[in-house]
Amino acid sequence: MSSLSLCITCYDGDYHLLDNLLNHFSQQTVAPDEIIISSSGLKEEDLLNKESLLINDEEVPVVQTNSEERIMQSVARNKGSQVATKDLIMFFDVDDIPHPQKIEATKHIFEDASVDAMLHNYYPPGFYPWPD
């Protein structure tokens with residue numbers, strides 16, 4: 001399987017959601033190879049003191065990058081990608097909840113040469129009660 005960096009972006013206005021998101025990621029069926037938390041608007045002493053997260057019996061290192069000034073989410077992604085060390089980078093917003101197989105599915109998709117694209121949301125025709 002490809003190695004994967006999970007980059008979580010957040011800022012001082014939604015940083016309080018990080019602990020809950022990490023609890024959800026701790027229940028993944030496959031672990032990422034590293035977790036990067038790219039935050040802004042926070043003082044260094046307010047950052048979560050976490051060096052690793054146990055996921056599926058694996059200790060996954062947690063790396064943090066922070067700007068004390070608020071930055072745009074795109075800049076936070078760029079800062080996260082600069083410290084990522086793995087083959088793939090998956091960006092994730094702190095206010096979303098991952099499917100329990102999110103990491104597993106992402107790694108699998110990039111191993112399958114027949115896959116043309118990866119969609120994060122897909123609703124087949126007829127899923128909604130109104131006409132397509």
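Predicted model: local features only at pLDDT ≥ 70, side-chain atom pairs only at ≥ 80, totals over all residues.
## Ser40, in a strand

Let's start with Ser40, which sits in strand E2, the run covering residues 34-40.

What does the side chain of Ser40 reach? It gets to the backbone nitrogen of Ile71, at 3.2 Å. Ile71 also turns up among the contacts of Ser40 once neighbours within four places in sequence are set aside.

## His24, in a helix

His24 belongs to helix H1, which spans residues 18-25. With a relative accessibility of 27%, His24 is partly exposed, because that class runs between 20% and 50%.

If you skip the neighbours within four places in sequence, His24 has contacts with Ile97 and Pro98. Then there's Pro100: 76 residues separate it from His24 in sequence, yet the C-alpha to C-alpha distance is 7.7 Å.

## Asn56 and Asp57, in a loop

Now for the loop between strand E3 (52-55) and strand E4 (58-67), where you'll find Asn56. Asp57 lies in the loop between E3 and E4 too.

Asn56 isn't a glycine, but its phi is positive, at about 50°. Asp57 is not a glycine either, and has a positive phi of about 65°.

How exposed are they? Asn56 has 42% relative accessibility and so counts as partly exposed. Asp57 has a relative accessible area of 74%, so it is exposed, as the cut-off there is over 50%.

Note on methods:
Residues numbered from 1 in each chain as written. Heavy atoms only, no water. Helix = DSSP H or I, 4+ residues; strand = E, 2+ residues; numbered from the N terminus. Polar contact = N/O pair within 3.5 Å; in protein donor to acceptor, adjacent residues only side chain to side chain. Contact = heavy atoms within 4.5 Å. Buried < 20%, exposed > 50% of the residue type's maximum accessible area, 1.4 Å probe, protein only.
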